[in-house]
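Open the model in your viewer and keep the sequence panel beside it. This tour goes from one selection to the next and says what is there.

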Amino acid sequence: MEPVQDTVTSPYRHPRDLAGPWHAEAACRRDEAGMFFAPSKEPTAARLSREEAAKRVCARCPVMLECREHALLQPEPYGVWGGLTAAERRVVLARRRRRDAELQRSPRIAAAG
């Protein structure tokens with residue numbers, strides 16, 4: 001599906017957004033919220049196990065990409081969102097910043113025609 005232009009809230013919105021908020025369809029609405037957010041002083045092995053369980057829920061979610069983009073745009077500092085942990089989202093954001101900076105530095109090359 002092609003994104004729908006919406007200049008009020010964001011440059012582009014997915015057509016699903018027109019029917020209601022994306023999170024109404026989220027698979028995690030049926031699961032325990034604690035699976036997606038770390039308790040304080042959680043041991044590493046327990047954290048990794050919990051995050052993998054949360055990612056399995058995300059993998060079957062019909063709005064995973066919308067959730068991920070929300071977490072990247074906010075940015076959400078904690079929890080598993082859209083199948084990514086906070087650390088993984090930081091990596092994605094850093095890559096986006098580098099890509100955007102590189103695109104701004106590189107000269108515009110017109111297609112020969």
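Select proline 75. It sits in the loop between helix 2 and helix 3; helices (H or I, at least four residues) and strands (E, at least two) are DSSP runs, numbered from the N terminus. A cis peptide bond joins glutamine 74 and proline 75, with omega at about -20 degrees. Most peptide bonds are trans, and most residues other than glycine have a negative phi.

A word on the model. It is a predicted one: local features need pLDDT of at least 70, side-chain atom pairs count only at pLDDT 80 or more, and totals for chains, interfaces and linings use all residues. Residues are numbered from 1 along each chain as its sequence is written, and side-chain values use heavy atoms, with hydrogens and water left out.

Next, select lysine 41. Its phi is near 60 degrees, a positive value in a residue other than glycine. Lysine 41 belongs to the loop between strand 2 and helix 1. Is lysine 41 buried or exposed? Lysine 41 is exposed, with a relative accessible area of 83%. The cut-offs: buried means under 20% relative accessible area, exposed over 50%, partly exposed in between (1.4 Å probe, protein chains only).

Now zoom out and colour by secondary structure. The chain has three helices and two strands. From the N terminus on, the order is β-β-α-α-α. Of the 113 residues, 27% count as buried. Contact means heavy atoms within 4.5 Å. Among contacts between residues at least 6 apart in sequence, 37% join residues at least 24 apart.

Select helix 2. Which of the residues of helix 2 are buried? They are Glu66, Cys67, Ala71 and Leu72. Show helix 3 as well: the buried residues of helix 2 pack against helix 3.

**The aromatic pair**

Select phenylalanine 37 and tryptophan 81. A search of the whole structure finds one aromatic pair. The ring centres of phenylalanine 37 and tryptophan 81 are 6.3 Å apart and the planes stand at 80 degrees, so the pair is edge-to-face. The rule: rings of Phe, Tyr and Trp (its six-membered ring) pair if their centres lie within 6.5 Å; planes under 30 degrees apart count as stacked, over 60 as edge-to-face and the rest as tilted.

Phenylalanine 37 is in the loop between strand 2 (12-13) and helix 1 (44-59), and tryptophan 81 in the loop between helix 2 (64-73) and helix 3 (86-105), so the pair ties together parts that are 44 residues apart in sequence. Phenylalanine 37 is partly exposed, at 35% relative accessible area. Tryptophan 81 is buried, at 17%.

Move along to threonine 85. This residue too is in the loop between helix 2 and helix 3. Threonine 85 counts as buried, at 8% relative accessibility. Not counting residues up to four places away in sequence, threonine 85 touches Glu51, Lys55, Gly79 and Val80.

**The second largest pocket**

Rolling a probe the size of a water molecule over the atoms shows where empty space is left. The second largest pocket has a volume of about 250 Å³. Of the 18 residues that line this pocket, the closest to its centre are Cys28, Phe36, Cys67, Val80 and Trp81. On a 1 Å grid over the protein atoms alone, a pocket is an open set of points where a 1.4 Å probe fits, with protein on both sides within 12 Å along at least five of seven lines; lining residues have an atom within 4 Å of a point. Grid points are joined across faces, edges and corners, and a volume is the space filled by probe spheres set on the points.

Helix 1 and helix 2 each supply at least two residues of the lining. By type, the lining divides into 14 nonpolar, two polar and two charged residues. Here Ala, Val, Leu, Ile, Met, Phe, Trp, Tyr, Cys and Pro count as nonpolar, Asp, Glu, Lys and Arg as charged, and the others, Gly among them, as polar.

Centre on cysteine 58, in helix 1. Cysteine 58 counts as buried, at 8% relative accessibility. Leaving aside neighbours within four places in sequence, cysteine 58 is in contact with Phe36, Met64, Val80, Gly82 and Gly83.

Last stop: cysteine 61, in the loop between helix 1 and helix 2. Cysteine 61 counts as buried, at 16% relative accessibility. Cysteine 61 touches Ala26 and Ala27, not counting residues up to four places away in sequence.
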